[in-house]
Amino acid sequence: MKILVCISHVPDTTSKINFTDGDTKFDTNGVQFVINPNDEFGLTRAMWFKEKQGASVDVVNVGGAETEPTLRKALAIGADNAIRVNAEATDGFFVANQLAKVVKDGGYDLVIAGRESIDYNGGMVPGMLAALTGANFVNTCIGLEVEGDTATATREIDGGKETSKAKLPLIIGGQKGLVAESDLRIPNMRGIMMARKKPLTVVDPIDASQETKTVHFQKPEPKGAVTLVDSENVDQLISLLHNEAKVI
Amino acid sequence: MSVLVYTESENGVFKKGALEVASYAKGVADMLGTSVTAISINGGASDELGLYGVEKVLEVKEDKLTAFNAKAYASVIQQAVQQEGAKVVIISSSADSKFIAPLLSVYLTAGYVSNVVALPESTSPIKVKRTAFTNKAFNSTEISSDVKLIGLSNNAYGLKENSVTVSSEGFTPTLSDEDFGVQIESVDKATDKVSIADAEIVVSGGRGLKGPENWGLIEELADVLGAATACSKPVSDMGWRPHAEHVGQTGKPVASNLYIAIGVSGAIQHLAGINASKVKVVINNDPEAPFFKAADYGIVGDAFEVVPKLIEKLKEFKSNNA
């Protein structure tokens with residue numbers, strides 16, 4: 001089984017979010033970048049398929065040279081090959097078209113991408129990729145098994161979960177649950193050394209349109225101070241929620 | 001040229017999110033000087049949509065679509081958009097609609113903007129405000145494609161009554177076997193509980209509750225308020241509560257009217273995930289807990305003393321206001 005894991009290069013979850021150039025660009029100053037957490041759950045599940053079922057695992061990112069350390073980290077975790085499509089990830093349509101080319105050229109059976117990146121939260125690339133390649137698709141996936149050419153995938157639905165069967169090729173929009181948080185791997189020294197020698201292929205982008213464009217960023221209004229209520233006086237809290245906030 | 005909205009239903013009844021996207025679609029249609037058409041798949045009574053400004057409903061009644069199927073549903077919506085010549089398509093942020101939307105986006109070559117929180121800032125070009133960086137920021141996004149797909153955040157616009165005369169007509173889509181490549185085997189869904197996505201009030205517990213055996217407190221408070229229950233990341237990582245209850249940056253986003261956090265310290269990732277909630281209440285014995293900086297109302301105190309009192313007083317309040 002040939003697996004491709006799509007990797008977004010995103011600010012660490014603890015990052016302070018600021019903008020530059022008149023609030024038109026994300027300020028990367030002092031920001032540490034990591035593998036998108038939703039992608040990392042998928043990568044870790046892919047490692048399981050590699051170790052238990054002999055799958056091969058490639059990773060791909062659409063981005064500039066600055067994203068290569070993130071791809072190297074995926075190699076250090078255990079991926080075999082990395083591919084970087086050398087283009088700025090401008091919008092979901094553009095990125096999905098680039099990935100569709102990589103998927104078709106590579107003949108992958110299973111593609112795992114995070115359900116969304118934690119920076120733009122678009123939540124669209126996996127589904128677009130499925131529509132562009134014609135592969136089956138399961139989103140918000142929290143459990144995945146493959147037997148021969150058939151996958152059993154469980155997805156999170158509002159208020160529960162749903163389990164489906166689908167033939168490969170299959171695209172997965174993955175998240176926590178594909179593996180547990182405690183299954184995530186920190187690359188060891190041997191992995192890091194080996195990752196330096198693994199192939200990281202840079203490919204040129206194909207022509208693809210961009211259908212959406214961010215024109216401006218804005219931070220939320222600063223919050224007012226909290227209204228403290230004495231712990232002996234919970235009636236006051238109920239009254240505030242009823243009369244002032246009008247939420248109960 | 002109308003605005004087309006996909007109104008999602010469950011067991012033949014429109015979901016609250018469907019009425020919200022209908023309300024929003026009416027707002028968009030008014031800005032564009034046009035009307036709203038809804039596409040409904042094995043849905044509820046069309047009259048209900050008329051209350052929220054929908055003038056025409058395309059009703060699909062099809063046994064093959066009884067079980068949800070993202071590709072088939074996306075194809076049905078695509079066919080409706082093409083029949084109506086709609087240029088703006090509105091969809092909700094439910095799990096199913098977020099599953100459908102990117103497929104539909106490609107089928108229509110429509111730029112898709114998700115997590116939109118307000119009516120368009122401009123109509124020419126269409127520019128919408130959405131959340132990014134898990135609620136730590138907003139971005140204004142222009143859509144340049146001919147057909148535009150807007151995904152509205154849960155609970156961002158609310159229900160706006162706007163009664164109009166509604167007509168309905170049957171709609172018979174062409175279905176392809178290729179769309180049914182994913183076959184549902186089983187669904188496991190608690191029917192007696194409010195889901196976090198649908199909830200107006202969410203009650204959430206953190207490590208301060210000391211162990212899973214104390215969750216009766218959270219559940220009882222949620223029960224009194226008709227709320228969904230949630231938890232912080234450490235609580236789900238330690239296995240005290242199922243992952244499905246984990247809210248935050250890598251868990252579920254929450255956009256409820258009221259979010260009550262008990263024994264949750266308020267890590268930056270947690271606060272990001274719940275930031276879209278309108279009113280936040282924190283109960284914590286540590287006055288230095290970061291959550292107090294993000295909350296609207298707070299009580300510094302021991303959850304095991306404060307919450308039982310709160311439950312008792314809320315029961316009195318509910319019986320007096322019933």
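## Close-up views of a predicted two-chain model

View 1. In an open sheet of 6 strands, the order is β15(A)-β18(B)-β17(B)-β16(B)-β14(B)-β15(B), and the pairing is parallel. The model shown here and in every view is predicted. At the edges stand β15 (227-229) of chain A and β15 (228-231) of chain B. Each has a single partner strand, so one side of each is left without a neighbour in the sheet. On average, neighbouring strands of this sheet are turned by 20° against each other, direction ignored.

View 2. Which residue of β18(B) does A:V229 face? A:V229 stands opposite B:I299. Helix α9 (residues 303-320) of chain B packs on the sheet. Helix α9 touches β16 (258-262), β17 (279-284) and β18 of chain B. The direction of the helix makes about 130° with that of β17(B).

View 3. B:S204 is found in strand β14 (residues 201-205) of chain B. Is B:S204 buried or exposed? B:S204 has 31 other C-beta atoms within 10 Å. The cut-off for a buried residue is 20 or more, so B:S204 counts as buried. Beyond its neighbours within four places in sequence, B:S204 is in contact with residues including B:A230, B:C231 and B:S232. Further contacts of B:S204 include B:V247, B:Y259, B:I260, B:A261, B:I262 and B:V264. B:I218 lies 14 residues from B:S204 along the chain, and their C-alpha atoms are separated by 7.1 Å.

**View 4. Chain A as a whole.** Chain A has 6 helices and 15 strands. Its C-alpha atoms fill a box of roughly 65 × 45 × 40 Å, taken along the principal axes. Of its 248 residues, 49% count as buried. How far apart in sequence are the residues that touch? Take the contacts in chain A between residues at least 6 apart in sequence: 71% join residues at least 24 apart.

**View 5. A mixed sheet of 10 strands.** This open sheet has mixed pairing and the order β13(A)-β7(A)-β6(A)-β1(A)-β8(A)-β12(A)-β9(A)-β10(A)-β11(A)-β13(B). Its edges are β13 (200-203) of chain A and β13 (182-189) of chain B. Each edge strand has a single partner strand, so one side of each is left without a neighbour in the sheet. From one strand to the next, the twist averages 30°.

View 6. Strand β10(A) is mostly covered, with 6 of its 8 residues buried. Strand β9 (residues 136-147) of chain A pairs with β10(A) in the antiparallel sense over 6 bridges. A:G143 has A:T154 of β10(A) as its bridge partner. The hairpin of β9(A) and β10(A) has 2 residues between the strands, and there A:G148 takes a positive phi near 60°.

Strand β10 (residues 150-157) and strand β11 (residues 160-167) of chain A run antiparallel, joined by 8 bridges. A:A151 is the bridge partner of A:A166, and A:I157 that of A:G160. This hairpin also has 2 residues between the strands; A:G159 takes a positive phi near 85°.

**View 7. Where chain A meets chain B.** The contact takes 63 residues from chain A and 74 residues from chain B. Helix α4 (residues 95-108) of chain B gives 9 residues, the largest share of the side of chain B that touches chain A. That side divides into 35 nonpolar, 24 polar and 15 charged residues. Strand β14 (residues 212-218) of chain A and strand β10 (residues 137-143) of chain B pair in the antiparallel sense over 6 bridges. In this pair A:K213 stands opposite B:E142.

View 8. How many of the 14 residues of α4(B) are buried? The count is 13, so the helix is largely enclosed by the rest of the structure. At 1.5 Å a residue, α4(B) should span 20 Å, and its end C-alpha atoms are 20 Å apart, which agrees. A kink of about 25° lies at B:A101, shortly before the proline B:P102. Just after the helix, B:T109 takes a positive phi of about 45°.

Terms used:
Residues are numbered from 1 along each chain as its sequence is written. Chains are lettered from A and ligands numbered from 1 in the order in which they are written. This is a predicted model: local features need pLDDT of at least 70, side-chain atom pairs count only at pLDDT 80 or more; totals for chains, interfaces and linings use all residues. Helices (H or I, at least four residues) and strands (E, at least two) are DSSP runs, numbered from the N terminus. A residue is buried if 20 or more other C-beta atoms lie within 10 Å of its own, exposed if 12 or fewer, and partly exposed in between; C-beta atoms are placed from the backbone. Two residues are in contact if their C-beta atoms, placed from the backbone, lie within 7 Å. Two strands pair if DSSP finds at least two bridges between them. Axes are lines fitted to C-alpha atoms, for helices over the stretch in contact, and angles run from 0 to 180 degrees between N-to-C directions. Ala, Val, Leu, Ile, Met, Phe, Trp, Tyr, Cys and Pro count as nonpolar, Asp, Glu, Lys and Arg as charged, and the others, Gly among them, as polar. The expected span of a helix is 1.5 Å times one less than its number of residues. The bend at a residue is the angle between axes fitted to the seven residues ending there and the seven starting there.
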